Amino acid sequence: IQALGAKVESIVVATWNAENLFDTVTNHVNGSDGEFTPQSWRRWTPERYNKKLDNMAWVISKIDPDILCMQEVENEGVARDLMARINKTHGKKLVHLAHVDSGDYRGIDNILISRYPVTNVVYSPDGYDRGTLVADVEVDGTTITFFVCHWKSQSGDAVENIAIRTRQALEVRSNVIAKLEE
């Protein structure tokens, strides 16, 4: 990879399940994010939300990724809040965002944030409800395609979970094959 005439030897890529990174406003179409409000049983307050952003920004600054793939981020606004916090409190320039609203009933999405420009962002349904975020990242003239997945957990009925996770894997496989054929 070439960077302004100098060879870039490596990039750091990280992935992180944010485990319910929600703001404190009910804004999902079906109200399913209502448990993340100050009045809910979770008592999810602006102070708790900001503390979570602070903690995550600190960890991300220590990892210092060039590209970060995340799961369970409520929406684009929340992703941008995290990006701003990383930049403001730690000076890390993760300024490019890939996000598409998923079909998840709770409203949790996959995102990709990057130091490098992001192009060709698409949402691919995966036979469940979370889908796969597919995005190209342009690193100094080289395109790298990322598939950000959030598969069904293995809790609950094992047979049902295997069937869902198999559908998800097959969808990702078909996306990879399609990308290779471009």
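How many residues of S4 are buried? I count 7 of its 7, so to speak a mostly covered strand. For me, buried means under 20% relative accessible area, exposed means over 50%, and partly exposed is in between (1.4 Å probe, protein chains only).

**Ground rules.** I'm working on a predicted model, where local features need pLDDT of at least 70 and side-chain atom pairs count only at pLDDT 80 or more, while totals for chains, interfaces and linings use all residues. Residues are numbered from 1 along each chain as its sequence is written, and side-chain values use heavy atoms, with hydrogens and water left out. My helices (H or I, at least four residues) and strands (E, at least two) are DSSP runs, numbered from the N terminus.

**Who sits beside S4.** I looked up the pairings (two strands pair if DSSP finds at least two bridges between them). S3 and S4 run parallel and are joined by 6 bridges. Across that pairing, Leu21 is opposite Val73 in S4. S4 and S6 run antiparallel, with 5 bridges. There, Ile67 has Ser114 in S6 as its bridge partner.

I also noted that S3, H1 and S4 form a right-handed β-α-β unit. Right-handed here means that, with the strands pointing away from the viewer, the path from the first strand over the helix to the second runs clockwise.

**Helix H1.** H1 has 18 residues and reaches 26 Å from first C-alpha to last, close to the 26 Å expected at 1.5 Å a residue. The expected span is 1.5 Å times one less than the number of residues. Next I listed the buried residues of H1: Tyr49, Lys52, Leu53, Met56, Ala57, Ile60 and Ser61. Why are they on the same side of H1? They cover an arc of only 165 degrees around the axis, the arc being that of the directions from the helix axis to the C-beta atoms. These buried residues pack against S3, S4 and H2, where contact means heavy atoms within 4.5 Å. Glu47 and Lys62 are exposed, on the face turned away from the buried side of H1. After H1 comes Asp64, with a positive phi near 55 degrees.

**Helix H2.** The 15 residues of H2 (76–90) should span 21 Å, and the end C-alpha atoms are 21 Å apart, which agrees. Buried in H2 I found Val78, Ala79, Leu82, Met83, Arg85 and Ile86. They fall within an arc of 160 degrees seen down the axis, so they line one face of H2. That side packs against S3, H1, S4, S5 and S6. At the N-terminal end, Asn75 is the cap, with a side-chain oxygen 3.1 Å from the backbone nitrogen of Gly77. Just after H2, Gly91 has a positive phi of about 65 degrees.

**Two residues I zoomed in on.** Trp16 is in strand S3. Is Trp16 buried or partly exposed? Partly exposed, at a relative accessible area of 25%. Neighbours within four places in sequence aside, Trp16 is in contact with residues including Met56, Ile60 and Leu68.

Ser114 is in strand S6 and counts as buried, at 0% relative accessibility. A polar atom of its side chain lies 2.8 Å from the backbone nitrogen of Tyr116. Not counting residues up to four places away in sequence, Ser114 touches Ile67, His96 and Val137, among others.

Definitions and conventions
A polar contact is a pair of N or O atoms within 3.5 Å; within protein, one must be able to donate a hydrogen and the other to accept it, and residues adjacent in sequence count only if both atoms are side-chain atoms.
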